[in-house]
Amino acid sequence: VPHGIEVDRQEGDGAIYFTGRDPNEGTPGVFKVQATSGGAPAVVWKGAPLVDPDSIAVSHSAVVYVSDRAAGSGGQGRVFAIDGQTIARIASGFRPGAPAWIALNREES
């Protein structure tokens, strides 16, 4: 079941990115499907450090930003940037809503 959804129109006919859990393993992750071809979702990132990913935003250069309301200690949230095969924490120490609702502005900040 998808939590957060973002449509990226930069990739040909577009791609739909979403957060959720792998239905076979229950592992939290970020996935994408091509908007017109459907098919099985591709894994953008799956597993640690993600715990309960929810909101998602995708930059023009295909960096995927995802909020996770349970990845921090003591019920605090974190925001991660996924760039290719790397994931980096870019924000932490906050108590997000459900969902955290992240977005990029025109400068993608």
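Some housekeeping first. Residues are numbered from 1 along each chain as its sequence is written, and side-chain values use heavy atoms, without hydrogens or water. Because the model is predicted, local features need pLDDT of at least 70 and side-chain atom pairs count only at pLDDT 80 or more, while totals for chains, interfaces and linings use all residues.

Let's start inside. The largest nonpolar core has 13 residues; by that I mean buried Ala, Val, Leu, Ile, Met, Phe, Trp, Tyr and Cys residues joined through side-chain atoms within 4.5 Å. Buried is under 20% relative accessible area, exposed is over 50%, and partly exposed lies in between, with a 1.4 Å probe and protein chains only. Among the residues with the most contacts inside this core are Tyr 17, Val 30 and Ile 82. Strands E2 (15-21), E4 (38-46), E5 (53-58), E6 (64-68) and E7 (77-83) each give two or more residues to it. Strands here are DSSP runs of at least two residues, numbered from the N terminus.

What does Val 30 touch, leaving aside neighbours within four places in sequence? Its contacts (heavy atoms within 4.5 Å) include Phe 18, Trp 45, Leu 50, Ile 56 and Ile 82.

Now the sheet. Four strands form an open sheet in the order E5-E6-E7-E8, with antiparallel pairing; two strands pair if DSSP finds at least two bridges between them. The edges are E5 and E8 (86-94), each pairing on one side only. E5 and E6 pair over four bridges, and Pro 53 has Asp 68 in E6 as its bridge partner.

Over in strand E8 sits Phe 94, partly exposed at 26% relative accessible area. Beyond its sequence neighbours within four places, Phe 94 is in contact with Gln 76, Gly 77, Arg 78 and Val 79.

Finally, the charges. How many salt bridges does a search of the whole structure find? There are four, counting a side-chain nitrogen of Lys or Arg within 4 Å of a carboxyl oxygen of Asp or Glu.

Lys 46 takes part with Asp 22, closest N and O atoms 3.0 Å apart, and with Glu 25, at 3.2 Å. Shared partners join Asp 22, Glu 25 and Lys 46 into one network. Within it, Asp 22 is buried at 11%, Lys 46 is partly exposed at 29% and Glu 25 is exposed at 53%.

Elsewhere, Asp 52 forms a salt bridge with Arg 69 at 3.1 Å, linking the E4-E5 loop to the E6-E7 loop, 17 residues apart.
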